[in-house]
Amino acid sequence: PFEVLIVGGGPAGAAAAIYAARKGIRTGIAAERFGGQVLDTMAIENFISVPHTEGPKLAAHLEQHVKDYDVEIMNLQKAAKLIPAKTEGGYHEVVLENGASLKGRTVILSTGARWRQMGVPGEDDYRNKGVAYCPHCDGPLFKGKRVAVIGGGNSGVEAAIDLAGIVAHVTLIEFDSQLRADAVLQRKLASLPNVKIITSALTTQVNGDGNKVTGLSYKDRNHGTEHDIELEGIFVQIGLVPNTEWLKDAVTLSPRGEIEIDARGETSQPGIFAAGDCTTVPYKQIVIAMGAGSTAALSAFDYMIRLPAS
Ligand code: FAD
């Protein structure tokens, strides 16, 4: 059994593993795919003190840094169930999809999240070539260019307001007949000169020239007509889904499925902590996930030194 068992091997899990191992306690990390979302991105320019890196490179560095310590890495292992300890200080159990089970005196959940996709032709082909999901990450890459934001909820409208200050023009596309964002955000959006809002529009295709995005096609849902827009970037903002489906019965989740944590990273279950994109932490970013993973590991250590000697 482990003193600290981490589930998830993205930036949050890697940071937690390093912080835990540096306390000299038995640490294990199980991950479906070590590296996490970072593997799906190319240019990273907001990882502070590293002006530019690439996703796969950062993921390799994460793994190397963890391997510098005595950490048991169990890659390509998907957790299916978490059974919290019956008594305070007992072992929590994580059952893997393959039927094996792991035990931890403390558990740190860092299973991240995934961006909901449109599922239209061209979206996959042009990911990182004009199709983007994170305005904080990729907004500046489209300086002076034309972009679309797909989705008129809070995150879509926030993204459109954010991008309008950087890019030449923003087209916001909403499937419904009206935007769903808070009124104050909608008023702000409407006040911007370089934003066009199209409602009742179903995006049908991402268009490109083989190397990069050149536009998108949408269907007007009121008239059934097809339209093309020329642009250089498409930000898909139709939801960020936490990878927490397997935790429903184990810890308290928010209505959006995020693991509820306190300022120390502790969940509703004593001895079970969480960090990064799978939690209620505001803003989902690499540096934030790493900070949260470190917090969770230090809190796990703090929890253990207070347990009665056995
Ligand atoms: P993740 O990176 O999502 O890692 C989750 C880990 O948990 C993975 O190892 C996964 O395999 C594992 N896992 C999931 N479910 C299970 C399970 N049931 N059992 C076991 N393991 C499981 N952020 C920036 O700061 N700058 C950027 O430039 C940037 N660009 C981005 C570009 C793209 C295309 C995307 C998708 C994201 C980008 N982000 C960027 C966001 C950033 O990648 C995330 O905020 C960060 O990776 C979150 O780290 P995490 O450790 O919480 O989760």
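User: How many residues surround the ligand, and which are the closest?

Analyst: This is a predicted model: local features need pLDDT of at least 70, side-chain atom pairs count only at pLDDT 80 or more, and totals for chains, interfaces and linings use all residues. Residues are numbered from 1 along each chain as its sequence is written. A residue is near a molecule if its C-beta atom, placed from the backbone, lies within 6 Å of it. The ligand is surrounded by 38 residues, and the closest are G8, G10, G36, G112 and G276.

User: Why does the ligand lie between domain 1 and domain 2?

Analyst: Domain bounds come from an automatic or database domain assignment. Here that gives domain 1 (2-114 + 240-305) and domain 2 (117-236). The ligand lies between them because its shell takes residues from both domain 1 and domain 2.

User: Which helices and strands each supply at least two residues of the shell around the ligand?

Analyst: Helices (H or I, at least four residues) and strands (E, at least two) are DSSP runs, numbered from the N terminus. Those with at least two shell residues each are α1 (11-21), β2 (27-31), β9 (113-115) and α6 (286-305).

User: Which residues touch the most other members of the largest nonpolar core?

Analyst: A nonpolar core is a set of buried Ala, Val, Leu, Ile, Met, Phe, Trp, Tyr and Cys residues joined through C-beta atoms within 7 Å. Buried means 20 or more other C-beta atoms within 10 Å of a residue's own, exposed 12 or fewer, and partly exposed in between, with C-beta atoms placed from the backbone. Among the 52 residues of the largest core, the ones touching the most other members are A16, A17, I108, L109, A274, A275 and A296.

User: Which element gives the most to this core?

Analyst: Elements with at least two residues in this core include β1 (2-7), α2 (55-67) and β8 (101-109). The most, 9 residues, come from α1.

User: Which residues of helix α4 are buried?

Analyst: Helix α4 spans residues 154-164. Its buried residues are covered by elements including α3 (135-138), β11 (146-150) and α5 (183-190). The buried ones are G156, V157, A159, A160, I161, L163 and A164.

User: Is D249 buried or exposed?

Analyst: D249 sits in the loop between β18 (240-242) and β19. P84 is 165 residues away in sequence, yet 9.8 Å away in space, C-alpha to C-alpha. D249 has 9 C-beta neighbours inside 10 Å, so it counts as exposed.

Note on methods:
Two residues are in contact if their C-beta atoms, placed from the backbone, lie within 7 Å.
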